[in-house]
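Colleague: I have the model open and want to go through it with you. Can you put it up on your side too?

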Amino acid sequence: MSDLIHGPFACALAAAPLKLPTAGIVLRLRADRGLYQDAAGTTPVASNADPVGRWNSMVGALYGTQPGSSLKRPTYRTAQVNGRPAVRFDGTDDALQVASLGLGSFSMFAVWKPTYPNNGDNNPRFPIEHSATPNTNPGLNLVFSNDLTALHTVARGASGVNKSGYRTTAANAKDFGTGSWSVAAVQYDGTHAGHAAYRNGFTNPISTTTVSTYNANPGTGTVTDTLNIGSRNNASFFAQMDLAELVVYSPALSATRFKQAVRYLSRVYGITLT
Amino acid sequence: MTTAWLHRYHLIVPAAAREAAQSLCAAIGPGGEAERVSFDCALSPSGELPATHFAASGQLTEAMRQALAAVAAAGQLPPGAAWYRCDLDDVLVQSNRPSVAERVGGPFAFQDALADLELRQAFEPAW
């Protein structure tokens, strides 16, 4: 490993535990903490298959919630990845929303197992979207597209005019990963060149094809809006996935800290980096 | 400890009965009127909008199941409603659809309900 340091201090440094960077976390959802069956957060999740109406962030006061129908709540599932639990979204109507999340530049990490195509069809699905329709509004989305590729887009400026977007190619096996647990990571520093997505690593971006004319440098202006988990606006494009952890930093992490976060999550969840 | 939400239902209604289905959810669900936002999964035979049907899929407690069963026994389900009840392992337990009677006791997912009704999820353009 290239980042081992040799010499008299090597033993002490090698023994230091790997930690998740803490500076700049704006949201951290982990499936073994802060789950409630109801949106108000009065009845804790206690058993496998309990519905999840509220998911509190481990940092700060934000939370994901499904304020509407109990049928639209994802469910808590025990022992899904390396003995740890996950929250399951059924791909039919399950969704959570985090109100008023502010993002400028950002780093986002998801430990998940998406199923795509879900429910037997190849239509696009939105596992993550910050504000609706970045075509016309500032925001970001991660999308499983209907040609079995994955794409991610960030937009800023009035009417989301400045857009940066990438997609994987159908031939590229390094998509966001379907049917297996992976650490998905997105880095955005305000520029198109500094916008990249990774799966189980931090060296080779999974998506290198610019989407259409989405090659602007959107900048680091903060957008404060709803973070949708599992859908567009709690109303459509529902994604089928198990989600064990979601961590969001703003501003974006340094390259060193980004790698540290990927390594930490891969170790905790027993996911091999490539 | 076992969850109180023992039953997984897939519920599909014709578009004309969507409002009635949402009212039923408001009547039997723990959230009352907040439950009315269910049935937002649009369906059609072609996968194109406009939707011909709407679906909801989720878990019910035993009390909710009994309430739903009572509505069904009284003949007061929304017209054309199809329901499929599964256990937490997604094994089909019961349905009002004779076409899936032979599948009781076996695996049954939401896409199986769609296949039974020859429907597909319908979407607006994403971009």
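Colleague: What does the accessible surface of chain A come to?

Modeller: About 10200 Å², and carbon and sulfur atoms account for 52% of that surface. Keep in mind that this is a predicted model.

Colleague: How many residues does chain A have, and what share is buried?

Modeller: Chain A has 274 residues, and 57% of them are buried.

Colleague: And which helices and strands are in there, by count?

Modeller: Two helices and 17 strands in chain A. As for contacts, take those in chain A between residues at least 6 apart in sequence: 67% of them join residues at least 24 apart.

Colleague: I was looking at β13(A). Mostly covered or mostly open?

Modeller: Mostly covered. Strand β13(A) spans residues 182-188, and seven of its seven residues are buried.

Colleague: Which residues sit on each side?

Modeller: S182(A), A184(A), V186(A) and Y188(A) are on one side of β13(A), with V183(A), A185(A) and Q187(A) on the other. Both faces are covered.

Colleague: What does β8(A) do relative to it, parallel or antiparallel?

Modeller: Antiparallel. β8(A), residues 106-115, is joined to β13(A) by seven bridges. Within that pairing, V186(A) in β13(A) has M108(A) opposite.

Colleague: How many bridges go from β13(A) to β14(A)?

Modeller: Five, and that pair is antiparallel as well. β14(A) covers residues 195-199. V186(A) turns up again here, standing opposite A197(A) in β14(A).

Colleague: Changing topic: chain B. Where is R65(B)?

Modeller: In helix α2 of chain B, which covers residues 62-73.

Colleague: It's an arginine, so I'd like to check the cover. Why does R65(B) count as buried?

Modeller: Because its relative accessibility is 18%, and the cut-off for buried is under 20%.

Colleague: What is R65(B) in contact with, leaving aside neighbours within four places in sequence?

Modeller: H7(B), Y9(B), L60(B) and R85(B).

Colleague: R85(B) is another arginine, noted. What is the mean pLDDT of chain B?

Modeller: The mean is 95, and 100% of the residues in chain B reach 70 or more.

Colleague: And what ipTM and pTM does the predictor give the complex?

Modeller: An ipTM of 0.95 and a pTM of 0.93.

How values were computed:
Residues numbered from 1 in each chain as written. Chains lettered and ligands numbered in written order. Predicted model: local features only at pLDDT ≥ 70, side-chain atom pairs only at ≥ 80, totals over all residues. Heavy atoms only, no water. Helix = DSSP H or I, 4+ residues; strand = E, 2+ residues; numbered from the N terminus. Buried < 20%, exposed > 50% of the residue type's maximum accessible area, 1.4 Å probe, protein only. Contact = heavy atoms within 4.5 Å. pLDDT = per-residue confidence, 0-100. Areas by Shrake-Rupley, 256 points an atom, 1.4 Å probe, with all protein chains shown as cover. Pairing = 2+ DSSP bridges.
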